[in-house]
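Dear colleague,

I am handing over the structure below, together with an account of what was found in it. Please look through the structure first and then read on.

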Protein chains: 2
Amino acid sequence: MNPLERFHAQELPRINRFLEDQAERMHVSVRPTVRHVFEAGGKRLRPILTILMARVLGCRDRDILPLACSLELLHSATLLHDDILDGATIRRGRQTAHTLFGATHTILVGDALLALANRLVAEYGVPALTRHLSEALLRTATGEIQEIAHLRDTDLAIATYYEIITGKTAFLIQAACRCGAVFAGAGDDLEEAAADFGLCLGIAFQLVDDALDYTSPSSVSGKPAASDLKEGKVTLPLLLFLADLDPGERRRLAEDFKQDRLSPEDLENLRETIVSGGYADKTREAAASYLARAETALAPFPASPERDMLALALGPMLDRKK
Amino acid sequence: MNPLERFHAQELPRINRFLEDQAERMHVSVRPTVRHVFEAGGKRLRPILTILMARVLGCRDRDILPLACSLELLHSATLLHDDILDGATIRRGRQTAHTLFGATHTILVGDALLALANRLVAEYGVPALTRHLSEALLRTATGEIQEIAHLRDTDLAIATYYEIITGKTAFLIQAACRCGAVFAGAGDDLEEAAADFGLCLGIAFQLVDDALDYTSPSSVSGKPAASDLKEGKVTLPLLLFLADLDPGERRRLAEDFKQDRLSPEDLENLRETIVSGGYADKTREAAASYLARAETALAPFPASPERDMLALALGPMLDRKK
């Protein structure tokens, strides 16, 4: 185990205990759904980042746990709502909440988790924390709305693609890092550096996700393979592939994709063509450049084991298989 | 026009302008849905209560508008999510957002409004405001979840019915009143009195709504008639009626209602029987007793034109036709 893995192994049980404890405090009609969400596990990336960022700045206050976990609660709430939107039946290898508990119930449990996250943070009496959290949620929802608006839009500009992934994924990871810095009493410069680190890490995270959607078999990812293509989501591998096609081919494929006329076999062939053409690899290369920017953002922080751990997080982010 | 009507006529345009301005600041992909929600109008009861309660306590700070409107934003967000749950196609005489813009998009616009409300309140830097708002939202969602859990439950205890309506409706109205008092710098006693006023008003409001669902024709309410019965919602008129039936009749009706075996004609006959039996009137009487409690809660406040206006709000609450 490297120091980051040791840190993760040590913090994870505390984070999970806190989340389970929150679930137990909720109303009996909400509890089973919330438990289902938490028991699905996950890396708890956002709380870990909040805690590490505060430690980098010398803060060892154990009272950071509600703040750190509020980021996970927000993330869980957006997953609950997302899975309904996507009609997803499987998440992390388990049935999604809305297929077990009903869509209407699940929408409301998402709302309850959003509210709980805000309440936990409000308890600190530090308005900046609430402000960053609400802003991140607003931007996350806006990013997801944009994503829906551009489903099957093969003319999507690459800049708009980045706007969407920044919205739907990076702002919440940014908030996790920024809130850790604010909690630790960072000055403006270091707060901005923390935010910049989180933003670049978040963009890279989603880029890798979008590459994995093309390359990772269902058995590893716990999600159906190539679900983005099936759902009509236009992500970077497809955009880069389309840009390299000659105009006639591009027009034909774009038209078929827009009209959802591609059979499962067509989609699987398309996926293979995109992967063998190196477009998933190119997406990972884009992620690598954001990870390099994230590493640069760490420079102003005082040298410490925790700063090294944040740097250690960047490599596996790129190499992950799910 | 009485003083309350004059006050309402004067504040309403400011509230609506603020809301429209917020809509314009949102991302272009969110804006049409948010405009649709705001243009549907409504009494803006919650912001009016926040402003009045602050005035009762001598606060004339015009900066209260973002706080007051954040309550309307939360309310709008819950309506967006509610209409999806209920499968409602009509609200305030207009098509509901999800039928025009799609359910998935509408869930996310609701989330964006929740986030915006929290952000507006966070700007004040008064943690108690954020705390009350998040707590109210958590309880509102929990109340709605309980309501779904008890659909077609003819064995619903009356105490649980009150718990549900307090959750889904009264806590947000309570928060509107409490936040007005907190904003005005009320001491603990007056803050509690404001909260008590709001809670009783909110319970009465929902009781009247539940009575109106039985008595108000669609042309007046802007909603389908007897939608609660059709949707399987067990509210006070039905509970009181069931309690008066002899055991055999009750068992038969309960069974048919549970299994959703009643035809539209059966439901219309049931509605008429409940109304002519006086059970909608009894529900209004229950509302009247909560309005009386709300009036009592006003006693500790200093005598002022605004306190009289709050008292003036109680009568029309009971007599309203939609």
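Leaving aside residues up to four places away in sequence, which residues does R320(B) touch? Before the answer, please keep in mind that this is a predicted model, and that the values in this email were computed from it.

**R320(B) and its surroundings**

Not counting residues up to four places away in sequence, R320(B) touches F205(B), V208(B), D209(B), L212(B) and R284(B). R320(B) itself is found in the segment after α17 (314-319) of chain B, and at 11% relative accessibility R320(B) counts as buried, the cut-off being under 20%. Two of the residues it touches are also reached by polar contacts of its side chain: the side chain of R320(B) comes to 2.8 Å from the backbone oxygen of F205(B), and it makes a polar contact of 3.2 Å with the side chain of D209(B). As a further point of orientation, R320(B) and C69(B) are 251 residues apart in sequence, while their C-alpha atoms are 23 Å apart in space.

**D213(B)**

Another charged residue, D213(B), has its place in helix α9 (residues 188-215) of chain B. D213(B) counts as buried because its relative accessibility is 9%, which falls under the 20% limit. The side chain of D213(B) is joined to the side chain of S227(B) by a polar contact of 3.0 Å.

**Aromatic pairs**

Over all chains, the count comes to 8 aromatic pairs. In one of them, the rings of Y162(B) and Y290(B) have their centres 5.8 Å apart and their planes at 35°, and the pair is therefore classed as tilted. Y162(B) and Y290(B) are both buried.

A further aromatic pair, formed by F241(B) and Y279(B), is edge-to-face, with 5.6 Å from centre to centre and 75° between the planes. F241(B) lies in helix α12 (residues 236-244) of chain B and Y279(B) in helix α15 of chain B, so this pair ties together parts that are 38 residues apart in sequence. Here too, F241(B) is buried and Y279(B) is buried. In chain A, ring pairs link Y161(A), Y162(A) and Y290(A) into a cluster.

**Where chain B meets chain A**

The size of an interface is often given as the accessible area lost when the parts come together. For chain B and chain A, the area buried between them is about 3,300 Å², and 77% of it is on carbon and sulfur atoms. The contact takes 37 residues from chain B and 37 residues from chain A.

Between chain B and chain A the count is 2 salt bridges, and one of the salt bridges found in the model is formed by E135(B) with R119(A), whose closest N and O atoms are 2.6 Å apart. Across the same interface there are 7 residue pairs in polar contact, with both residues at pLDDT 80 or more. On the side of chain B that touches chain A, at least two residues each are supplied by α4 (65-86), α6 (103-122) and α7 (127-149) of chain B. Sorted by class, that side of chain B has 19 nonpolar, 11 polar and 7 charged residues.

How values were computed: Residues numbered from 1 in each chain as written. Chains lettered and ligands numbered in written order. Predicted model: local features only at pLDDT ≥ 70, side-chain atom pairs only at ≥ 80, totals over all residues. Heavy atoms only, no water. Contact = heavy atoms within 4.5 Å. Buried area = accessible area lost by both parts, 1.4 Å probe. Salt bridge = Lys/Arg side-chain N within 4 Å of Asp/Glu carboxyl O. Polar contact = N/O pair within 3.5 Å; in protein donor to acceptor, adjacent residues only side chain to side chain. Helix = DSSP H or I, 4+ residues; strand = E, 2+ residues; numbered from the N terminus. Phe/Tyr/Trp six-rings, centres within 6.5 Å; stacked < 30°, edge-to-face > 60°. Buried < 20%, exposed > 50% of the residue type's maximum accessible area, 1.4 Å probe, protein only.
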